[in-house]
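Please open the model in your viewer and keep the sequence panel beside it. The tour below moves from one selection to the next and says what is to be found at each stop.

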Amino acid sequence: MKPPPFRYHDPRTVEEALGLLAEHGDEARLLAGGQSLVPLLNLRRVRPRVLIDLNRVEGLDGVDAGAGVVRTGALARAVGVERAPAVASALPVLPEALLHVAYPQVRTRTTIGGNVAHADPAAELPAVLAAVGGDVRLRSAGGQRTLGWSAFFSGRHRTACRPDEMVVAVDFPVAEGFAYTFSELTPKLGSFAIVGACVGLSRSGDEVTGARIALCGVADTPVRLQAAEQRLTGGAVDAAALEDVRALVAGAIDPPGDLHAPGGYRSHVAGVLVVRGLRRLWGAPA
Amino acid sequence: MSDAMSRPGTLVGQRVLRVNDGKLLTGAGTFVDDLHLPGTLHAVVLRSPIAHGRLVAFDAAEALTMPGVVDVLAPEEARDATRPLRCVWLMPGQGQVDYPVVPRVVRHVGQALGVLLATSVAAAEDGAERVRMEFEELPCVVDVEAALGDAAPQLDPGCPGNVAVDLPRGDPPDAVEAAIARADHVVAMRFAIQRLAGSPLEARGVVASWSPATGELTMWSSTQVPHHARDHLAGALGLALDRVRVVAPDVGGGFGPKDHLYADEVLVCLAAMRARVPVKWIEDRREAFTATVHGREQIHEARLAFDDDGRFVALHSDVLADLGAHPSNVGAGPAFVATGMLEGPYRFDSSGGRVRGVLTNKTPAGAYRGFGMQQAAWVRERLVDEAARTLGADPAELRRRNMIRADELPYTTHTHQNYDSGDYAAALERATELVGEGLPAAPDDGRRRGVGLCSYVEFTGLGPSAVQEIVGFALGGYETAVVRVEPDGRATVLTGVSPHGQGLETSLAQLAADALGLPITDVRVVHGDTATAPYSAAGTIASRSMTVGGGAVVRAAGRLRVKILDLAGHLLEAAPGDLEIIQGVVQVRGSPTAAVPLRTVAEKAWLAWGLPPGMAPGLEEKDLHDPQDISYSYATHAAAVAVDLATGRIEIERYVVVHDCGVIVNPMIVDGQTHGGVAQGIGNALLETLVYDDVGQPRIATFHDYVLPGTGEVPDMVVEHTQTPSPFIPGGMKGMGEGGTIAPAAAIGNALANAVPEIAHLVTETPMTPARVWGWLDAAGVATDW
């Protein structure tokens, strides 16, 4: 298991990296943590002519939790974000979800930008990004732009990131009053989710004032369940609401089956995880 | 270091730290891929991309122009230069008894066809992409029951209907049927056991080196069986045995699949002979999923007949074993053992079965830890629990009532197993007690909880050569040990068994150290090289290394001790019977001043001056140990599970093993083997399965697809032992390497059925993944919405 030949570059600055991207475009791949790309290279499932190693690029590994947003540099390692006290207090669902990403050893290499850019349909972080309504910041030699999560994720392992662009940061907004929880069902601890659910609620007394529900593992991209969110808003999380939400979840998705689970099962489990997440956040038995 | 580490005569039974762990844990082990011979070329084995078809064109011209590519061994060339590999375990009437190194018609994806050599692995893989192979595709058959159908493609002319083996087992069918007809109740169920991969941490690998000057071929191989591999390699290449040397360096696990020589290994050696430089081939994981034998896949149509009072009357299973593309070296052996051990620890008026070994277009199935006994336990123990449910009886009580009592041993089963010694009910009793202890009060979390048992008897220590002959397993059943005290007073043990993770370097040394009065640090176990190790026909398979190989060490070391005492008595002018050996010093018992260092005794022996009349020079004894009979270990496992009715997920909350493998040489190693075995059994029960599509393409390529248990899936477990010595093995050991894997599926399945009796009749298939269990819950109307 060795990759086909490629040219290797290890730029030291973002500008240098963007210059290489501008030159090589879709013949190039960016190497960040390598936890997905290197196996794909070795299995010869991707065959870039040029590999641009970002690991020596300065200034992309910041983690900043302030001013209503957790901004992680593209090269911030998962383990650093997971253990940053400022992140844990601003947006505890981020470390909670990161704990489900593979194993600690892998997370010491995994980068936030790489995880998001890889756009695996079963990956946890894209679902969190969808739930919090986050953005992905892109740069190219020609400029920069910011895409909302739904514009960014365009398909299975596909994003709106152009061949001359790279992810430089990922923004996870911190909405006042929202609490989130993340849960998933996996074939084994640390593997990709069969289904994962990131559920958020804000409340005023016994009334839901806002709901955010996102799933991974049920479609080519992360999915926000707006109908279920609307059903919850303005009422209590009671048995009737949960039953409606369950039906709305099932109605909103049509997951494909794979080796680990058929589609119908995924659809059912999505409802289970969402309902359980809501009950956990609501606190009272419903 | 414990006291025991430095006190001689007491090492057996001690948790002696493994002598080779320092090397392994610091990354200083030498595995096949760590060998770097000058000028080595790297091989890629060219393999069939299709499941069934005739190779009609092979063109390596473009590949040979690629940078670094040196040679391509084409299928035709390989076929001309090799003889077929013979199956080792032949059942009566077996329709295919060997298989070509390179076939004209491929029968499974991954079948080896040729070899490409290049100066690096990457260059070899680049080159292999440019080798063009064209096939005339043939219809294929993937499912074992479909293979029996009239319309199924026929895979081998010797196996009409794709049936390679069809054998009755146990009592005559009429007798079993009559007994079943007499019984008050019959539980009949169909069990499907999935196809598994043994998944050693180190996949297979070979470094081959040919010396044209001497006509000697050396193969370093990640194998469990260096001599066996050598014999077959010489046979395939038409070389004399003395011109072929096989070395197993450090080997990172085997679990059964490395129990024979593979066609691709022959091809790599052939390529090295042609290239006249060393060639290295390291199997990658994706390759291993189709190139290394699989295990387990069987269907059992099974019946347990019993009376109103709970007495077992009869047991029968009709087994379809999916052999894959051709009978492997062991062919239908696992199904033979599955039916042979079906009766387990219970009495029946009558018992029997039928074994059909069926060919399909999948990777051949071979040995995998448990070797049929996992299937036997799953089938029998699930039936026992369903019988208990039918009767409204306690499953433990029903087992106890039917168990062969200690005072009934030795006991011969209907499949001619001569159970030797033990107390099966005691293990059941203790496991039942332990599983209830320490279970936290079940939280009210909506999950159902249940407890399940699995009791089994394990065939270990293959085996007397005469038994091997009776069952047609063409491997001598003996092992040889040479024990030598070197002139410096340290001891060397040469053994034919070939450890690959079991810790035999330590446990065999413990046996010798005790006999010779040496500290463990003064005993070295040498193994794995056919140039130095005594001949071993069977090698390290079938839980036999400690019984057969260890028994040889006990006897050789015991005889050497006698000689040491004789010579020391001569030197000390004392009666040998008054002497003891403490810490490498021979002394008169109770009189440590009258002593001679073992080193001095050894110097005299090897100098051979002034020996007593008639004493031969040297301090070396050899023992060839063909055991008197099989040794039967046994255990009861108990699992406590929680079942999520909304997701089907099973969590193991407690796992208990009460086990007897005779005399335990190193409890730490035995516990470790048990833990690892249970982990693999949990993979079998809940996680692992090899999947093919309907045109014979594997859907499994990585450990993302094939789910092995990890720390999250394997609970802490309670392991207790009793020790009933084997009456047949010097030292009293029984085998235990496979035991842990045998029971988990049945214990967990029974716990699931106990927790959710509404689905008990459906608990017939493994792995019990959340999706599958949820399907059962949904079908029975007990699945919850959340």
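Two residues are in contact if their C-beta atoms, placed from the backbone, lie within 7 Å. This is a predicted model, in which local features need pLDDT of at least 70 and side-chain atom pairs count only at pLDDT 80 or more, while totals for chains, interfaces and linings use all residues. Residues are numbered from 1 along each chain as its sequence is written, and chains are lettered from A and ligands numbered from 1 in the order in which they are written.

**Stop one: where the chains meet**

Select both chains and look at the contact between them, which takes 23 residues from chain B and 20 residues from chain A. On the side of chain B that touches chain A, α4 (121–128) and α21 (770–779) of chain B each supply at least two residues, helices being DSSP runs of H or I with at least four residues, strands runs of E with at least two, both numbered from the N terminus. The largest share of that side of chain B, 4 residues, comes from α4(B). Coloured by class, the side of chain B that touches chain A divides into 10 nonpolar, 4 polar and 9 charged residues; here Ala, Val, Leu, Ile, Met, Phe, Trp, Tyr, Cys and Pro count as nonpolar, Asp, Glu, Lys and Arg as charged, and the others, Gly among them, as polar.

**Stop three: one tyrosine**

Select Tyr8(A), which lies in strand β1 (residues 7–9) of chain A. Is Tyr8(A) buried or exposed? Tyr8(A) counts as exposed because it has 10 C-beta neighbours inside 10 Å; a residue is buried if 20 or more other C-beta atoms lie within 10 Å of its own, exposed if 12 or fewer, and partly exposed in between. Not counting residues up to four places away in sequence, Tyr8(A) touches Leu51(A) and Asp53(A).

**Stop four: two helices of chain B**

Bring chain B back and select helix α7 (residues 226–237) and helix α8 (residues 263–275) of chain B, whose axes come within 10 Å and cross at roughly 60°. That makes α7(B) oblique to α8(B), since angles under 35 degrees count as roughly parallel, over 145 as roughly antiparallel, 65 to 115 as roughly perpendicular and the rest as oblique. Axes are lines fitted to C-alpha atoms, for helices over the stretch in contact, and angles run from 0 to 180 degrees between N-to-C directions. To finish, show the side chains of Leu233(B), Ala236(B) and Leu237(B) in α7(B), which meet Val266(B), Cys269(B) and Leu270(B) in α8(B). The contact of α7(B) with α8(B) has 6 nonpolar, no polar and no charged residues.
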